[in-house]
Amino acid sequence: MMLNYFGRGLTTAEADWLLVGLSRAEQRAARQANLANNALDETPPAVLHLASLEALWLAHNRIERLGAATRLVNLRLLDLSDNRLEQLPAAVARMMLLEELYLKDNRLTALPKEAKRMIELRV
């Protein structure tokens, strides 16, 4: 199931409220979530309720810190393009299934050294 909140101008709090409002069945069924083109300054904490999530689009927001997304261990795709990230947390290395990580147009100068452990990762 795809959750699509693309381009709604949502703040982090508003997106969090929407995700919390999903039924347990909807949260379990969600495999993809598109929160791109909003006004998020971090990953909505309620994204953790989406434990089966395999793809998360967060591009074109105002994200300065990754937060809860690093705890989504089933993610295979994470798009953080066009945000305000200055660094990625070392916890990103726990995302062992991650294959695609999009980071274009951020303020990053390097990836954490722990990212070397992510054998399948394409950046």
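**Starting from the charged pairs**

Let me start with one side chain: Glu-99 has a relative accessibility of 27%, so it counts as partly exposed. For the cut-offs, buried is under 20% relative accessible area, exposed is over 50%, and partly exposed is in between, using a 1.4 Å probe and protein chains only. Before I go on, this is a predicted model, so local features need pLDDT of at least 70 and side-chain atom pairs count only at pLDDT 80 or more, while totals for chains, interfaces and linings use all residues. Residues are numbered from 1 along each chain as its sequence is written, and side-chain values use heavy atoms, with hydrogens and water left out.

So what does Glu-99 meet in a salt bridge? Its partner is Arg-76, at 3.4 Å from N to O. By salt bridge I mean a side-chain nitrogen of Lys or Arg within 4 Å of a carboxyl oxygen of Asp or Glu. This pair links distant parts of the chain: Glu-99 sits in the loop between S4 and S5, Arg-76 in the loop between S3 and S4, and they are 23 residues apart. Arg-76 is partly exposed too, at 34% relative accessibility. When I say helix or strand, those are DSSP runs numbered from the N terminus, H or I with at least four residues for helices, E with at least two for strands.

How many salt bridges does a search of the whole structure find? Four. Another of them joins the side chains of Asp-82 and Lys-104, 3.9 Å from N to O. Asp-82 is in the loop between S4 and S5 and Lys-104 is in the segment after S5, so this pair ties together parts 22 residues apart in sequence. Lys-104 counts as exposed, at 53% relative accessibility. Lys-104 also forms a salt bridge with Asp-105, where the closest N and O atoms are 3.4 Å apart. Asp-105 is partly exposed, with a relative accessible area of 47%. Through shared partners, Asp-82, Lys-104 and Asp-105 end up in one network.

**The sheet**

Now the strands. There is an open sheet of five, in the order S1-S2-S3-S4-S5, with parallel pairing; two strands count as paired if DSSP finds at least two bridges between them. The edges are S1 and S5 (100-102), each pairing on one side only. From one strand to the next, the twist averages 5°, with axes being lines fitted to C-alpha atoms, for helices over the stretch in contact, and angles running from 0 to 180 degrees between N-to-C directions. If you zoom in on S2 (residues 32-34) and S3 (residues 55-57), they run parallel and are joined by three bridges. Ala-33 has Leu-56 as its bridge partner in S3.

**The core**

The largest nonpolar core has 34 residues, and Leu-53, Leu-56, Leu-78 and Leu-80 touch the most other members. A nonpolar core here is a set of buried Ala, Val, Leu, Ile, Met, Phe, Trp, Tyr and Cys residues joined through side-chain atoms within 4.5 Å. Leaving aside neighbours within four places in sequence, Leu-80 is in contact (heavy atoms within 4.5 Å) with residues including Leu-58, Leu-66, Leu-101 and Asn-106.

**Helix H1**

H1 spans residues 12-20, and its buried residues are Thr-12, Ala-15, Asp-16 and Leu-19. Down the axis of H1 they fall within an arc of 100°, so they line one face of the helix; the arc is that of the directions from the helix axis to the C-beta atoms. Those residues pack against strand S1 (2-4) and helix H2 (24-29). Which exposed residues sit on the face of H1 turned away from its buried side? That would be Ala-13 and Trp-17.

**Two loops**

His-60, in the loop between S3 and strand S4 (77-79), has a positive phi of about 55° although it is not a glycine. Asn-83 and Asn-61 are 22 residues apart in sequence but 5.3 Å apart in space, C-alpha to C-alpha. Leaving aside neighbours within four places in sequence, the contacts of Asn-83 include His-60, Asn-61 and Asp-105.
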